[in-house]
Amino acid sequence: MTRITVVGSFAVGLTIRTETMPVFGQTIIGSDFDFGPGGKGSNQAVGVARLGADAALVTCLGQDQLAGVADELYAAEGVGTDYIERSAERATGAGMIILNAEGENFIILDMGANELMDAAFVDRAADRIAQSDIVMSVLEIPVAAAHRAMERGKAAGARTILNPAPATALPGTIFAHVDYLTPNESELRILLGLAPDDPTGTRDLAVELRRRGVDTVIVTMGQKGALVLGDDQEMVVATPAVPVVDTTGAGDAFNAGLAAALGEGRPLAEAVAHGTAAGAHACTRLGVIPSLATRAELDALIDI
């Protein structure tokens, strides 16, 4: 069984659907309220666990009722919790998600206890990281923690995956420790100090990130698929066509599918195809956790 360690975030998400997005000062009626676990690190840990990996999460929770949501989730999904710490300094992370009729969203986050994570926090999980086949991280935690996760993972001989979301400026020293960098198109631009809608070509920007030390850049492009740029491979991997209900969590599902497939020893193109299929599956259901594919669901979608 592939051992995957995710150094990342947990937050409780509160989701509501509306026909039109509100403006400041406006009160509108919504529907389909949902309350449940989220956070990009947590989502990815659950995602790889559902796909058959030995998954563990390294994160920080508050000492409050919302932390119990995490406890219930990981007990149900089989995610390892030995390196989850609790602090009285900050509340458990929380996020507000508003969806429109097209399944598009905007999100407001208070990452709370996640912000207490630093390099020393990650060091306390060094033994688990040293035994891992794949180490993943995200940017909903402080950059110093994500950096150390990549550094320790690479030093241990694990393959490292950094999902730079939400995108922010990164120190140049991190890139040499990243085997797979998985931004979407706007995150790709922000990483390079550009506006999210900068017109520079996506491939050109991926080339620049590889020049800075990343081994393989995989740019998720929604329905356009995923651009893969590595030493000896350049391709666009298609995304299966599905009815879109809710795009929230599609990026997390992609990373889980990618990591699980890499851990199984699949070639890169096949692993990215598993990622795009997992991301597409996540768009077909409301809510993040309900939309993360099981192995049977992912296999069925790939076979279509």
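This briefing looks at one helix pair and a few salt bridges. The model is predicted, so local features need pLDDT of at least 70 and side-chain atom pairs count only at pLDDT 80 or more, while totals for chains, interfaces and linings use all residues. Residues are numbered from 1 along each chain as its sequence is written, and side-chain values use heavy atoms, leaving out hydrogens and water.

**Helix 9 and helix 10**
- The axes of helix 9 (residues 268–282) and helix 10 (residues 295–303) come within 9 Å and cross at roughly 105°.
- That makes the two helices roughly perpendicular (65 to 115 degrees).
- Helix 9 brings H274, A277, A278, A280 and H281 to the contact, and helix 10 brings R295, E297, L298, L301 and I302 (heavy atoms within 4.5 Å).

**Salt bridges**
- The whole structure holds 23 salt bridges (a side-chain nitrogen of Lys or Arg within 4 Å of a carboxyl oxygen of Asp or Glu).
- D252 pairs with K40, with the closest N and O atoms 2.6 Å apart.
- D252 sits in helix 8 (residues 250–263) and K40 in helix 1 (residues 40–50), so this pair ties together parts 212 residues apart in sequence.
- K224 and E185 also form a salt bridge, at 3.0 Å from N to O.
- E264, R266, E270, R295 and D299 are linked in a salt-bridge network, and the E270 to R266 bridge has its closest N and O atoms 2.5 Å apart.

- K224 counts as exposed at 53% relative accessibility, whereas E185 is partly exposed at 22%.

Technical notes: Axes are lines fitted to C-alpha atoms, for helices over the stretch in contact, and angles run from 0 to 180 degrees between N-to-C directions. Helices (H or I, at least four residues) and strands (E, at least two) are DSSP runs, numbered from the N terminus. Angles under 35 degrees count as roughly parallel, over 145 as roughly antiparallel, 65 to 115 as roughly perpendicular and the rest as oblique. Buried means under 20% relative accessible area, exposed over 50%, partly exposed in between (1.4 Å probe, protein chains only).
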